[in-house]
Amino acid sequence: MERISIKPEANLLATVEFAASRIRSALKKVQGLGKMLMGRLLLTLALAATACDGFKFMTNWKAPTLQGIRDQKIAAEKFGDKKLVVITGTSSGLGRKTAAALLNTGQYHVVGAVRDLDKMELVAELDGFDPKDFTAMHCELANYTSVREFCDNLNEFKAAKPIDRLICNAAVYQPSLPYAKWSVDG
Ligand SMILES: NC(=O)c1ccc[n+]([C@@H]2O[C@H](COP(=O)([O-])OP(=O)(O)OC[C@H]3O[C@@H](n4cnc5c(N)ncnc54)[C@H](OP(=O)(O)O)[C@@H]3O)[C@@H](O)[C@H]2O)c1
């Protein structure tokens, strides 16, 4: 009978190689688990961020109201696709010329904020402002109450239409006036 002799060194080498291969495969498993956990963590963070954005959107969201729908209809009928411009002081000088130039393009509805409606009516007639596209509104800029009333009137008039352009033109410049002039509000 043939006798097989196993060298003790060969036996030891095989054992070490076997142990090393087990350690390698265990390490691979741990790495795979780590990657999976990291992936899940990133996914959770991404979902949380999206959810936050969603909630931010919700805070700005307003349920449509009947009044809002009515205002949008009024604005669409009144202005069509024209831009809404508000100019202070359209009854003379630069404000008057600016209103005329914008109206001539046919692309704007101009609201003229003026302190003298009779004067404005005359000027609008002289310059041929189309009443369909020009609206005069009373506004005495030297009086806060009048300014607030103007804002209320404008809001009611424009309904849901945003103000596309605001030209703050009206003012008086009197550097040589020998005394100080005050508004009603001081
Ligand atoms: N023209 C220039 O060389 C020049 C140079 C630098 C700066 N600016 C400035 O440009 C703007 C227009 O000048 P402009 O030469 O056209 O003057 P403007 O002919 O005197 O016209 C001024 C307009 O502002 C109105 N206004 C004045 N005070 C008001 C008040 N308290 N409430 C409501 N409306 C009021 C006037 O109304 P009424 O018609 O009822 O008076 C008028 O429509 C002014 O801000 C001015 O300071 C002009």
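V111 stands opposite T135 in strand β3, and G112 has A136 as its bridge partner there. This is a predicted model, in which local features need pLDDT of at least 70, side-chain atom pairs count only at pLDDT 80 or more, and totals for chains, interfaces and linings use all residues. Residues are numbered from 1 along each chain as its sequence is written.

Those partners belong to a parallel pairing of β2 (residues 108–114) with β3 (residues 134–138), built from five bridges. Two strands count as paired if DSSP finds at least two bridges between them. Strands pair through backbone hydrogen bonds, either parallel or antiparallel.

Now for the whole sheet. It is open, has four strands in the order β3-β2-β1-β4, and its pairing is parallel. At the edges sit β3 and β4, each pairing on one side only. Neighbouring strands are turned by 20 degrees against each other on average, direction ignored. Angles run from 0 to 180 degrees between N-to-C directions, with axes being lines fitted to C-alpha atoms, for helices over the stretch in contact.

| Helix | Strands met | Angle |

What about the ligand? Its surroundings hold 19 residues, the closest being G89, G93, L141, A170 and A171; a residue is near if its C-beta atom, placed from the backbone, lies within 6 Å. Helix α3 (residues 93–105) gives this shell its largest share, three residues. By type, the shell splits into nine nonpolar, six polar and four charged residues. Here Ala, Val, Leu, Ile, Met, Phe, Trp, Tyr, Cys and Pro are nonpolar, Asp, Glu, Lys and Arg charged, and the others, Gly among them, polar.

Stepping back, the chain has five helices and four strands; these are DSSP runs, numbered from the N terminus (helices H or I, at least four residues; strands E, at least two). Its radius of gyration is 39 Å, well over the 16 Å that the globule rule gives for 186 residues, so the chain is more spread out than a compact globule. That radius is taken over C-alpha atoms, and the rule is 2.2 Å times the number of residues to the power 0.38. Along its principal axes, the C-alpha trace spans about 135 × 45 × 30 Å.
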